[in-house]
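This report goes through selected features of the structure shown below. It takes up surface patches, a helix, a chain and charged pairs in turn.

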Amino acid sequence: MRYAGKKMITMLLTLFAVTLFVFLAFHLISGDPATSMLGTDATPERIAALRQELGLNDPVLVQYGRWAKGFLTGDMGTSYSYRLPVGEMVLDKLPVTVTLTIMAFILIVIISVPMGIYTARHAGGWVDRAIYMVNQVIMAFPPFFAGILITLVFGRIFRLFTPGGYVSYEKSFAGFVSYLFFPALAIALPKAAMAVKLLRSSLISESKLDYVRTAYSRGNATRDVLYKHVLKNALIPLITFLGMALADMIAGSLIIEQVFGIPGLGRILLSAISNRDYPVVMAVIVCIAVLVLLVNMAVDIIYGLVDPRITVE
Amino acid sequence: MKRKGLKGLPMVFVLTTLAIALSGCSGDKKEETSSQITIGIPQDIEESLDPHKAVGAGTEEILFNLFEGLVKPESDGSLIPAVASAYEESEGGRVYTFTLREGVKFHDGSAVTAEDVKYSIDKCADTSNGGPLVEAYSNIESFEIKDASTVVMTLKEADTEFLAYMTTAIIPTANENPDTNPIGTGPYKFVSRSPQENFVVERFEDYWGEPAGIRDVTFRICSNTDSLVMDLEGGSIDMFARVTATQAAELSDRFEILEGTMNLVQAMYLNHEAEIFQDVRVRKALCYAIDPEEIMMMVSDGKGTEIGSSMFPAFGKYYMEELNDTYNQDIEKAKRLLEEAGYANGLSFTITVPSNYQQHIDTAQVLVEQFKAIGVDAKIQLIEWDSWLSDVYQNRDYEATVVGVDASSLTGSSLLRRFTSTAGNNFVNYSNADYDAAFEEGISSTDDARKTKYYKECERILAEDAVNVYIQDLPEFVALNKKYTGYEFYPLYVQDIAKLRLAQ
Amino acid sequence: MAVNVNRKKNYNLILGGGLTGVIMLFILIGIFYTPYDPDAMNAADKFAGVSIRHLMGCDNFGRDVFSRVLEGSRTTWLVAAGTVFIGTFFGVILGALTGYYGGIVDEILMRVNDAVFAFPSILLALTFISISGSGRYQVVIALGIAFIPSFARIVRGEFIKCKNMDYVKNARLQGAGDFRIMFVHILPNTLTVLLSAVMIGFNNAVLAEAGMSFLGIGVQPPDASLGRMLAEAQSYLFRAPAYAVFPGVVIILMVLGFSLLGDGLKNE
C-alpha cells in the first residue's frame, strides 16, 4: 500500500512537470490556436477577438491553472480543431494504440523467447551466428523504412493485407486486428531482435554460475536445468527490457501509425501539435504517461512473482 | 506448473497470430457494393464543420458537397442558381433580388425559409467578432426579406462581381451544434467522422436538383501520401485528387488519370518591407534568374502552366498569357541588375516554406539552385503550416516564401485585391499608388470590358514591377478507379463528388 | 565453449571495426571530394540509373546520389555524434550527482528526468525550431536533450552500485573530496557500461534522425542527410528504387558497424 501511495505521488509530480513543460513549450512555439482556427481569411481584429474569447491573452501560468483545474474536475476541455470533447476523442483512439501495443508485445514474446533459448543452447553454432547477424541488421533499419518495406512486400506483392485499409474496431474487430498485424510486426521486429540478444546473453551468463554446475553434476538433464533454474533467473533482465519496450511502444508507435495510416494516439498527438490544439495534446500526454506508469508498476509486481527475493519496497 | 505455462503459452500465441494472419488473407476485399466510393484525402478535416467558420482548403473542398449558397459555382466557372431559383441585378449592381427555390430542404428535413437565408448572410456579415466572416460583406447595406420567397440585398457601393460571394452556404437557423453536425442543402449529407480516420457522407435523397450518382462516400485520411500508389492498387481507396506526376505514372491501367490544374498562383512571394526587396532591380534580377520550365520539369515532369502575374488561365478573360514572357531567363542581365543595385558581391536571403506542401518545397529547392547562378545565396527554412500562418501571413515576418495563392471566389478581385496597399491580406506589403488606382477603377466599373481592361492593367503592373517571382499554376492529377466516371475539374478548390457515377 | 565464444567476439570486432572504418573513410573522402556538387541539379539526369558517371544514380532533381550520400553520411554522423555528446555529457553529470548523493536531489532530478522522457520529442524538436530556426544544430540539441534521461539513468545506476564499494570508502578515508571521488574514482569504473550505452545511443540517434526527417522536422533541404534522403526517396520507390536503396544501405551499415563494434568491445 505504501508502495502504491508513493508511486501515486511520484506519478502526480511527473505529470505536473510534463504538463507544465508542454504548456510552456506551446507558449514558445510560434502560431497559436486562434491563427490556426481562422486560417488565411483572418484579419488581425478577428484573431484578437478569438484570442480573447479562448483566454489566450492570459499569462501562461493562469492558462495552465485553468487547464489543471478543469482536468482535476474531470473536464478535459474541447478540442480547438475538432470542436469535440477531448475526453471522448482520446478514449475513442485509446483502444487502437493499446491493441497495437499488445499485439506487438505478444509478437515480441513469441519471437524472442524461443529464439533466445535456442541461440543460447546452441551458442556458437551457425544458426546462432545467422540469427545474430539477421538481428543486427533488423535493428539497423530505420523504423519508417521498415514499415514501407513491409507494406511493399506483404501488401503489394503477397497481398496479405490491404495497404491503407485500416478497419475501425467498432466496425469489425477481426478486420481491425488483422489490419494491425503487420504494423505490429513492424514495431515488434527490432525490439524482438534486441530481446533475443538479451535473453541469449543472460541465459549464457546464468548458465555459467555455480548453481547450474551443481545441478549438472547432480546428473540433471540439460533441458531440465535450463527450464527450471536458468530460464527463471535469466528472465529478470528480459522482463525489465520488455517493460521498457512496452512503455516505449505506447509513447512511440507514432511513426508506424503514420506509415500504416492507423488513427491511434500518436496520429492524434501529431496533428494536435501542428494545430496547436493543446487540450488534446495535454490529454494524450497524460494518457500516455499514465499507461507507462501502469506498465512500470506491473513490471515491479512481476519481478516479485518470478523471484520472491525481490520485494517491492 | 510453471514449466507448462512457459511452454504452453507461446503455442497459444502462435495459434492466435496464425489465425489472425490467415483471416487477413481470406478477408480480402468486400464485394463491390452497388454505389459506394472511398476517396483518399491527404489530411483530416481538423476544424469546425460550420461552413462559415471552416478555413482549410481541404475542408472547403469537401464541404462543397454538403452546402450550397443562393448560387453555386459550376465547373465551367459560371454561377448557377441553387437555393435561389432566380436572381435579378438592378441599379447597376447595387441591388440584388433573389427568388428562393420552391421545395428546397435541409438535410434534417426542414424546408429552407427566407429567415434561414437572412440568418446565414447576417452571420457572415456580423462584425461583432472583430470583422465579418466574409470580408466582402462589409459592403452590404441591408439584407431584407421581402416576402416568403423573395430576399433583397442592397450594397453600399455597386459591385457587379458581388454575386460570386453569394455562394455562402445557407444553413438552418436552428442547429445547435453547427461545429460538429453540419446541416446544409447540398447533394450529400453528413453521417459521421472519426478523427484521423475518416469522414463519411451519404446521398441526400430529398435533394432539389439531380441526385448524386453514388450513395455512400467515405473520405479516408491517407496520412502517408508516399504509399498512395499501394493504397490505390490495393483497393483501400478508389480515388485521390492530388497524386504527383510520379505516382500518376506508376499507377496501373485500372486507374484513369485526369489532368487539370490546381488553380493557384505559385510564386516566390517577396516581402516588400524587407530591405533587399525594396529595390525593383533586385526583384527583377530574381525574375530573370529563374526558369519556370526547368522548375516544372523537376517538380512535376514538365506538367504545369507558366504564369507571369497573379492570375491563372481558368479565369479566361482576365488571364494574360503574354505576361509569361516579361522575364525570360537571362543570367547576364540578372547579374547586371544586381550589380547596379549594389549587390555585385551577391546577396543572401531566406525562403520560408510551409513544410506540408512537398511541391512548394521542391520548387524552392530548384529556385535555390537557379539563384546560385547569379550569385544569390538563398536558404530554405521549412516551418509548419500553422507557424507559416502566424509568422508569414499574419505578422509578415519573413523575406521570401514559396506558396500557392488561390482564389476564394470566382472574381478577378479575389486574386488582385490583396496587392492594394490597404488590403488586410496584403502579406507581401506591396504598396503602389498606380496599382491601387487601377484596381479601384476595375472593381467599381459596371461595364465588363472596362473592368477587364483595368484588371489586366493590374496584372501588368504586378508583372512589370516584379512584385513577386511568378512561377506556375501547378498541375493536378486525379487518380480515379475506372469503376467510376464523371469527375469534373472546377476553377475553384473544390471536389464535386455528386457528379461521380459508376461506369457502365 | 569458451574457446568458441572467443573466436566469435573477434569476428564482431573485426567486422564492426571494418564497417565503421569504411564508413569513416567514406565520410572523410566526402569532406575533401565529391564527384559532383551535391546540390547541383540537372534535369536531363532526373532519376538516372546507376552508371559509371553516377555510381548510385540520380534523384528526382537529377542530383548525383553518390555525392549526396557522401555529404549525407557526414551530416548524419555529426548529428548522431553531437546528440550522443550532449546526452552523455549532461547524462553523466546528472547521473553522477543523483546517484552519488541520493536523497531529495535525486528524487527531484529523477522526476524531471521522467518528465523529459514522457515529453513528446516531436514537440521538443518543434520548440527548438521555433526558438532558433531549424537546421542540423537544432536537431542535435533537441535529440541531445531527449537522450539525456537514458544516459543519466544508466550512470546513476552505476554510481549507486559503486558508491559503497571498498575503493570508494578508501578514497574517502584518504580525504578525497566528493567531486574527486565521483569523477576520478567512480567514473572510470563505469566506462564499460557507458561505452556500450554510447554505442547504442549513437545508433538510436542515427535512427531518430531518420525518423525526424520522415516527419519533416530534420535537417533542411537542400542539405543532405541519410535520413532525409531516405524519406524523400520513398516517394519514388518504384520509379527509382536505387535512390532509396543506397542511403538505406549506408544507414544500415553505419548502425550495423557500430553495434557490432560495441558487441565486440564488450566481450573484449
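## Surface patches

A:Asp41 is found in the loop between α2 (33–38) and α3 (44–54) of chain A. The model is a predicted one. The relative accessible area of A:Asp41 is 41%, so this residue is partly exposed. A:Asp41 also belongs to a negative surface patch, together with A:Glu45, B:Glu60 and B:Glu135.

Which helix gives the most? With four residues, that is α3(C).

C:Val105 is placed in helix α3 of chain C. Its relative accessibility is 43%, and C:Val105 therefore counts as partly exposed.

Helix α12 of chain A spans residues 265–274. Is this helix mostly covered or mostly open? It is mostly covered, with nine of its ten residues buried. The buried residues are A:Leu265, A:Gly266, A:Arg267, A:Ile268, A:Leu269, A:Leu270, A:Ser271, A:Ala272 and A:Ile273. After α12(A) comes A:Arg276, which has a positive phi near 55 degrees.

Chain C has ten helices and zero strands. Its pattern along the sequence is accordingly written α-α-α-α-α-α-α-α-α-α. Along the principal axes, the C-alpha atoms of chain C fill a box of roughly 75 × 55 × 30 Å. Chain C has 268 residues, and 55% of them are buried.

## Salt bridges

Side chains of opposite charge can pair when their charged atoms come close. Over all chains, the count comes to 42 salt bridges. Three of them are set out here.

| Salt bridge | Closest N and O atoms |
|---|---|
| A:Asp32 and A:Arg51 | 2.1 Å |
| C:Arg239 and B:Asp301 | 3.0 Å |
| B:Lys499 and B:Glu488 | 3.4 Å |

In the salt bridge of A:Asp32 with A:Arg51, the closest N and O atoms are 2.1 Å apart. A:Asp32 lies in the loop between α1 and α2 of chain A and A:Arg51 in helix α3 of chain A, so the pair ties together parts that are 19 residues apart in sequence. A:Asp32 counts as buried because its relative accessibility is 16%, under the 20% cut-off. A:Arg51 has a relative accessible area of 23% and is partly exposed.

C:Arg239 and B:Asp301 form a salt bridge at 3.0 Å between the closest N and O atoms. What does this pair join? C:Arg239 lies in the loop between α9 (226–233) and α10 (241–267) of chain C, and B:Asp301 in the loop between α7 (292–300) and β14 (305–306) of chain B, so the pair joins two chains. C:Arg239 is partly exposed, at 31% relative accessible area. B:Asp301 is likewise partly exposed, and its value is 26%.

B:Lys499 forms a salt bridge with B:Glu488, at 3.4 Å between the closest N and O atoms. Both B:Lys499 and B:Glu488 lie in the loop between β20 and β21 of chain B, so the pair ties together parts that are eleven residues apart in sequence. The relative accessible area of B:Lys499 is 24%, which makes B:Lys499 partly exposed. B:Glu488 counts as partly exposed as well, at 29% relative accessibility.

Salt bridges with shared partners also join residues of chains B and C into one network. Its members are B:Glu369, B:Lys372, C:Asp39, C:Asp59, C:Arg63 and C:Arg68.

## A buried aspartate in chain B

B:Asp496 lies in the loop between β20 (484–485) and β21 (501–502) of chain B. Is B:Asp496 buried or exposed? Its relative accessibility is 6%, so B:Asp496 counts as buried. The side chain of B:Asp496 makes a polar contact with the side chain of B:Tyr490 at 2.6 Å. The B:Asp496 side chain also reaches the backbone nitrogen of B:Ala498, at 3.2 Å.

Technical notes: Residues numbered from 1 in each chain as written. Chains lettered and ligands numbered in written order. Predicted model: local features only at pLDDT ≥ 70, side-chain atom pairs only at ≥ 80, totals over all residues. Heavy atoms only, no water. Patch = residues over 30% accessible without salt bridge, like charges linked within 9 Å, V, L, I, M, F, W, Y side chains within 5 Å. Areas by Shrake-Rupley, 256 points an atom, 1.4 Å probe, with all protein chains shown as cover. Salt bridge = Lys/Arg side-chain N within 4 Å of Asp/Glu carboxyl O. Lys, Arg positive; Asp, Glu negative; His and termini not counted. Charge placed at Lys NZ, Arg CZ, Asp CG, Glu CD. Buried < 20%, exposed > 50% of the residue type's maximum accessible area, 1.4 Å probe, protein only. Polar contact = N/O pair within 3.5 Å; in protein donor to acceptor, adjacent residues only side chain to side chain.
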